[in-house]
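Subject: Structure for you to look at

Hello,

I am passing on a structure that you have not worked with before. Please open it alongside this message; my notes on what was found follow below.

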Amino acid sequence: MEQARDEIIASADTNESESYRTGGKMSEAMASDVRSLGAGQAGGQASRKQTPLAVAMYRFSLWLRSPRPYLMLTGFILFLGFWYVAVEVWKLPRFAEMPGPTEVMHEWLSENPTYGLSVFLPEYYLHIWVSTRRIAIAFFLATAIGVPLGLFLGWSKRFKQYVFPVFELLRPVPPLAWVPLAIVMFQGSETPVIFLTFLASFYATALNTMLGVESIDESYIRAASCLGAKRWQVFRHVIVPAALPFIFTGLQISIGVAWFSLVAGEMVSGQYGLGYVINTSYTMVRYPTIIIGMATLGIVGYTTSAAIRLLGDHMMQWRTRELALGADK
């Protein structure tokens with residue numbers, strides 16, 4: 001905008017000189033353009049001073065005016081419509097034992113649920129809280145260990161030669177295969193579930209972080225070294241910021257696979273949690289409760305993944321500006 005204003009002002013000066021020689025004045029249209037650009041710049045400075053809440057509301061209003069929420073709503077309507085038609089209208093043989101959306105919603109929103117689980121009962125929120133707490137602990141441990149390990153795997157070739165073969169040997173082993181050893185190694189029923197949840201999240205975080213470091217252009221590292229940066233300064237100011245996009249991509253993947261592993265762990269040794277709800281509902285033939293547990297798992301999982309995505313966007317605002325500048329070119 002400043003460049004455009006300078007060009008208009010320069011053009012205006014030229015025209016004014018011509019007009020001066022001809023005894024005229026700068027055209028009113030040109031003056032109006034300059035005033036509008038100045039007002040726009042002032043407005044931009046004022047918008048930068050707005051509160052975060054105002055900025056969030058502005059972005060939300062933009063999102064509402066875009067087609068994205070309506071396309072998303074259409075997708076949900078089509079999914080629920082297919083479920084309703086296949087189960088309750090057509091009654092297809094493959095869906096004969098499956099509860100329809102009407103039965104599930106009636107059970108989910110009932111004050112006196114037939115199968116003992118609805119939004120009005122405290123047990124429902126206890127299961128959500130227990131699963132969320134296990135995910136938070138496992139995800140924190142996986143991030144605290146996986147990110148530094150991935151950084152060093154990508155940064156030091158000697159360290160990678162020692163550690164990466166063992167890492168790749170253990171990574172294909174599914175978390176369910178660790179269940180017997182987890183029960184033997186850890187006491188109680190809580191720690192094995194957290195350990196199984198941690199495993200899948202840890203591999204995704206460490207591997208994406210390592211790939212992020214290895215994808216950094218060598219010219220950045222050479223440029224920092226030529227400017228006198230020490231090795232730890234290159235690591236702190238070049239390696240870590242440049243690897244952040246891969247790190248947060250890995251965190252979004254890891255929070256998803258953590259929910260997979262959590263449900264598997266809770267089915268084996270948990271006493272509470274959404275996986276425990278799904279497993280016990282299956283053994284006691286409470287099919288609507290299975291759907292309630294799955295839907296709740298999807299909502300909570302989507303919320304945690306969105307929170308990681310928002311945190312990444314907040315910490316990588318420089319990348320958003322960089323992409324915006326690249327889009328202008």
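Helix H7 has a kink of about 40° at Val163, shortly before the proline Pro165. The bend at a residue is taken as the angle between two fitted axes, one for the seven residues ending there and one for the seven starting there. H7 covers residues 157-170, and at 1.5 Å a residue its 14 residues should span 20 Å; the end C-alpha atoms are 20 Å apart, which agrees. The expected span is 1.5 Å times one less than the number of residues in the helix.

Some background on the source. This is a predicted model, in which local features need pLDDT of at least 70 and side-chain atom pairs count only at pLDDT 80 or more, while totals for chains, interfaces and linings use all residues. Residues are numbered from 1 along each chain as its sequence is written, and side-chain values use heavy atoms, with hydrogens and water left out.

The protein as a whole contains 14 helices and zero strands. Helices (H or I, at least four residues) and strands (E, at least two) are DSSP runs, numbered from the N terminus. Of the 329 residues, 34% count as buried, where buried means under 20% relative accessible area, exposed over 50% and partly exposed in between, with a 1.4 Å probe and protein chains only. Of the contacts (heavy atoms within 4.5 Å) between residues at least 6 apart in sequence, 65% join residues at least 24 apart.

Next, a helix pair. The axes of H4 (residues 68-89) and H5 (residues 101-108) come within 9 Å and cross at roughly 110°. That makes H4 roughly perpendicular to H5, a label given to angles of 65 to 115 degrees. Axes here are lines fitted to C-alpha atoms over the stretch in contact, and angles run from 0 to 180 degrees between N-to-C directions. H4 contributes Leu80, Trp83, Tyr84 and Glu88 to the contact, and H5 contributes Pro101, Thr102, Glu103 and Val104.

Two single residues are also worth a look. Thr197 is found in helix H9 (residues 190-214) and is buried, with a relative accessible area of 0%. Leaving out residues up to four places away in sequence, Thr197 touches Ile135, Ala138, Ala258, Ser261 and Leu262.

Gln271 lies in the loop between helix H11 (231-269) and helix H12 (274-283). With the sequence neighbours up to four places away not counted, Gln271 touches Arg134, Ser189 and Tyr276. Gln271 and Ser189 are 82 residues apart in sequence, and their C-alpha atoms are 7.6 Å apart in space.

Regards

How values were computed: Parallel < 35°, antiparallel > 145°, perpendicular 65-115°, else oblique.
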